[in-house]
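Student: I have a structure open and would like to check the terms used for it. Can we go through them one at a time?

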Amino acid sequence: MTTIDIPEGSPFGTANLPYGVFSAGGDASRVGVRVGDSVLDLARALGDDVFAAPTLNPFMAQGYDRWVEVRARITSLVAGEVPDDAVHAVDGVTLHLPFEVADYVDFYASEHHASNVGRLFRPDAEPLLPNWKHLPVGYHGRAGTILVSGTDIVRPSGQRKGDPAPVFGPSTRLDIEAELGFVIGTGTPLNTPIAPDDFARHVFGAVLLNDWSARDIQAWEYVPLGPNLGKSFATSVSAWVVPILALEAARIPLPGQDPEPLPYLRESRPWGLDVELVVEWNGEEVSRPPYREMYWSPAQMLAHLTINGASSRTGDLYGSGTISGPEKHQRGAFLELSWGGQEPLTVKGEERSFLLDGDEVVITGTAPGADGSRIGFGEVRGRILPAG
Ligand code: MN
């Protein structure tokens, strides 16, 4: 038996306990929990085969009461001794996509981001379209191209506007969107909407999400049906799923909604979240997007997803949309940071507006934990490879 050492100030203390899927020493992929700089093998530590699965889905499908029970068991386990063969150094394991993605939807819930993009894409019109403050606007993305952090991103090719004819070739305006993603643990059958107040009973956890975006492809294709190939080539998520149970301490009011939303979108206590992201481009910090500034809460997004009678499933993922705050250094996309390429940034001494081949982006995030610590989301990392 052994004890797990948690370094002072670790973002992976007992207030966090995020879940992931790992493999080590040639063994099959299985569920683990991050504790300090260690990964606890839950199938071994708890003697429960639901954690021997290569995804979190079977455990998530067991539902809210089990999530609470298992979290309590892990908390007491890591306070004492655990079997030697259940503990791995995080540096010695391979991390995998932690859940099998069912459906994927991406929202557009930051007023600052939506206003900035409106000004850039439609300079002669009102920045926000008339529906924006009445519903969380979103589109259906591609579930099959959700990738775990660390996966290289091949520059997509596609059509962009040309004069007089469209041009085909590698994207010249490849961008990021710094977001949070929310993972549904237990869904609902057809015709069973989920009220905002039931958010925490259905959503298992949150991840960092990078919605890679080819702005030139997107700008040419998106009217009238929304983004498609400009985003469907890749979306990256962090390897650790932070339980909503750990994010209770980060729960805060929303910045304010005017007009008041329709009844199906009203929360008795809002699910604003005080999560702060950091975006690094080639190792240099370029932005600190604040999730607390988001207009729509993730509980309202879930209510909107299901109000038309659509069913939901274990493993459904929905993104918040780019997180941008009111200040320039709080913008979560390079499109906004460089103002459409008109105001390039200096990154490690080089001028940048959009991503060049070989560039690497790392997004990290932290939030207040229940014990006064900062809990961490780990990172979502990706490097750009030349077009194939
Ligand atoms: Mn997005």
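Student: What makes the meeting of the Asp65 and Arg201 side chains a salt bridge?

Tutor: Keep in mind that this is a predicted model. The N to O distance between the side chains of Asp65 and Arg201 is 3.7 Å. The cut-off is 4 Å between a side-chain nitrogen of Lys or Arg and a carboxyl oxygen of Asp or Glu, so the pair qualifies.

Student: How many salt bridges are counted between domain 1 and domain 2?

Tutor: The count is one. Domain 1 covers 19-96 and domain 2 covers 104-385. One residue pair in polar contact is also counted between domain 1 and domain 2.

Student: What makes Lys133 and Glu111 a salt bridge, and which parts does the pair tie together?

Tutor: The closest N and O atoms of Lys133 and Glu111 are 3.0 Å apart, which is within the 4 Å limit. Lys133 lies in the loop between helix H4 (111-121) and strand S7 (138-140), while Glu111 is in H4, so the pair ties together parts that are 22 residues apart in sequence. The structure holds 25 salt bridges.

Student: Why are S9 and S21 said to stand at the edges of their sheet?

Tutor: The open sheet has five strands in the order S9-S26-S25-S20-S21, with mixed pairing. Strands S9 (153-154) and S21 (284-287) each have a single partner strand, so one side of each is left without a neighbour in the sheet.

Student: How do you know that S20 and S21 are paired?

Tutor: Pairing requires at least two bridges. Strand S20 (residues 276-281) and S21 share three bridges, in the antiparallel sense. At one of the positions, Trp281 has Glu284 of S21 as its bridge partner.

Student: Why is the peptide bond from Asp163 to Pro164 worth noting, and what is its omega?

Tutor: Most peptide bonds are trans. The bond from Asp163 to Pro164 is cis, with omega near 5°, and Pro164 is found in the loop between strands S10 (157-160) and S11 (167-170). The bond from Val223 to Pro224 is also cis, with omega near 10°. Pro224 lies in the loop between helices H6 (215-221) and H7 (229-232).

Student: What is noted about the phi of Asn191?

Tutor: Phi of Asn191 is near 65°, a positive value in a residue other than glycine. Most residues other than glycine have a negative phi. Asn191 lies in the loop between strand S13 (178-184) and helix H5 (199-202).

Definitions and conventions:
Residues numbered from 1 in each chain as written. Predicted model: local features only at pLDDT ≥ 70, side-chain atom pairs only at ≥ 80, totals over all residues. Heavy atoms only, no water. Domains from an automatic or database assignment. Polar contact = N/O pair within 3.5 Å; in protein donor to acceptor, adjacent residues only side chain to side chain. Helix = DSSP H or I, 4+ residues; strand = E, 2+ residues; numbered from the N terminus.
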